[in-house]
Amino acid sequence: MNRDIFEDLFVLEMTNNHLGKLDRGIEIVRQHAKIARFNNVRAAIKLQFRDVDNFVHKDFRARADIRYINRVNENETLEGKLQGAGRVVRGSGCIPLATPFDEQSVDWCVEFDLPIIKIASADSNDWLLIEKISRTRKPVIVSFGGRRSRTWTTW
């Protein structure tokens with residue numbers, strides 16, 4: 001494993017700011033890369049991968065009244081778009097990485113040869129997902145920032 005991949009690395013988040021539109025995502029990548037070049041920094045641009053058909057339970061898929069489900073549905077991307085996004089990031093001179101939110105998305109990270117995988121704070125205890133990611137043998141960033149933690153004390 002190349003541990004130097006993290007040396008002086010800045011991770012720039014795209015998250016769902018592309019709003020499910022490929023041209024908007026390409027423009028975000030272009031602007032991020034321009035800033036990275038201007039500041040002479042090594043930058044990775046982080047994407048998010050979800051297999052929406054399996055990520056959102058079928059009984060809730062049409063629930064536009066639930067904010068988070070509505071946001072996931074609005075930002076649904078097709079596999080071809082995801083692969084294209086990785087190529088666009090590479091072409092910009094930045095390093096593509098992704099947060100996969102399900103097992104199919106981990107497979108896409110491997111298929112698209114992304115050099116780094118990030119585990120979202122919400123998934124920091126999703127052992128099935130973590131085990132699948134660990135089997136890729138790719139460098140991993142694990143986030144704990146957005147997760148509420150509890151301290152348990154026993155006497």
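A residue is called buried here when its relative accessible area is under 20%, exposed when over 50%, and partly exposed in between (1.4 Å probe, protein chains only). The model is predicted, so local features need pLDDT of at least 70 and side-chain atom pairs count only at pLDDT 80 or more, while totals for chains, interfaces and linings use all residues. Residues are numbered from 1 along each chain as its sequence is written, and side-chain values use heavy atoms, with hydrogens and water left out.

The chain holds 6 helices and 5 strands, where helices (H or I, at least four residues) and strands (E, at least two) are DSSP runs numbered from the N terminus. Along the sequence they follow the pattern β-α-β-α-α-α-β-α-β-α-β. Of the 155 residues, 41% are buried. With contact taken as heavy atoms within 4.5 Å, 62% of the contacts between residues at least 6 apart in sequence join residues at least 24 apart. The chain exposes about 10,000 Å², of which carbon and sulfur atoms supply 52%; accessible areas come from the Shrake-Rupley method with a 1.4 Å probe, and for residues only the protein chains shown count as cover.

Strands are said to pair if DSSP finds at least two bridges between them. Strand 2 pairs in the parallel sense with strand 1 (residues 9-13) over 5 bridges, and F10 stands opposite A43 there. Strand 2 also runs parallel to strand 3 (residues 95-100), to which 6 bridges join it; in this pairing K46 stands opposite L97.

L129, I130, K132 and I133 are buried. Seen down the helix axis, these buried residues fall within an arc of 160 degrees, so they line one face of helix 6; the arc is that of the directions from the helix axis to the C-beta atoms. The face turned away carries the exposed residues W127 and L128. Cover for the buried residues includes strand 3, helix 5 (103-111), strand 4 (116-119) and strand 5 (140-142). S134, also in helix 6, is partly exposed at 42% relative accessible area.

The structure holds 4 salt bridges, each defined as a side-chain nitrogen of Lys or Arg within 4 Å of a carboxyl oxygen of Asp or Glu. One of them joins K132 and D107 (2.9 Å, N to O). This pair links distant parts of the chain, with K132 in helix 6 and D107 in helix 5, 25 residues apart. K132 is buried at 17%, whereas D107 is partly exposed at 34%. Another salt bridge is formed by D113 and K138, with the closest N and O atoms 3.6 Å apart. Here too distant parts of the chain are linked: D113 lies in the loop between helix 5 and strand 4, and K138 in the loop between helix 6 and strand 5, 25 residues apart. D113 is partly exposed, at 49% relative accessibility. The side chains of E27 and R30 also meet in a salt bridge (2.8 Å, N to O). Being 3 residues apart in helix 1 (residues 22-38), E27 and R30 are separated by about one helical turn.
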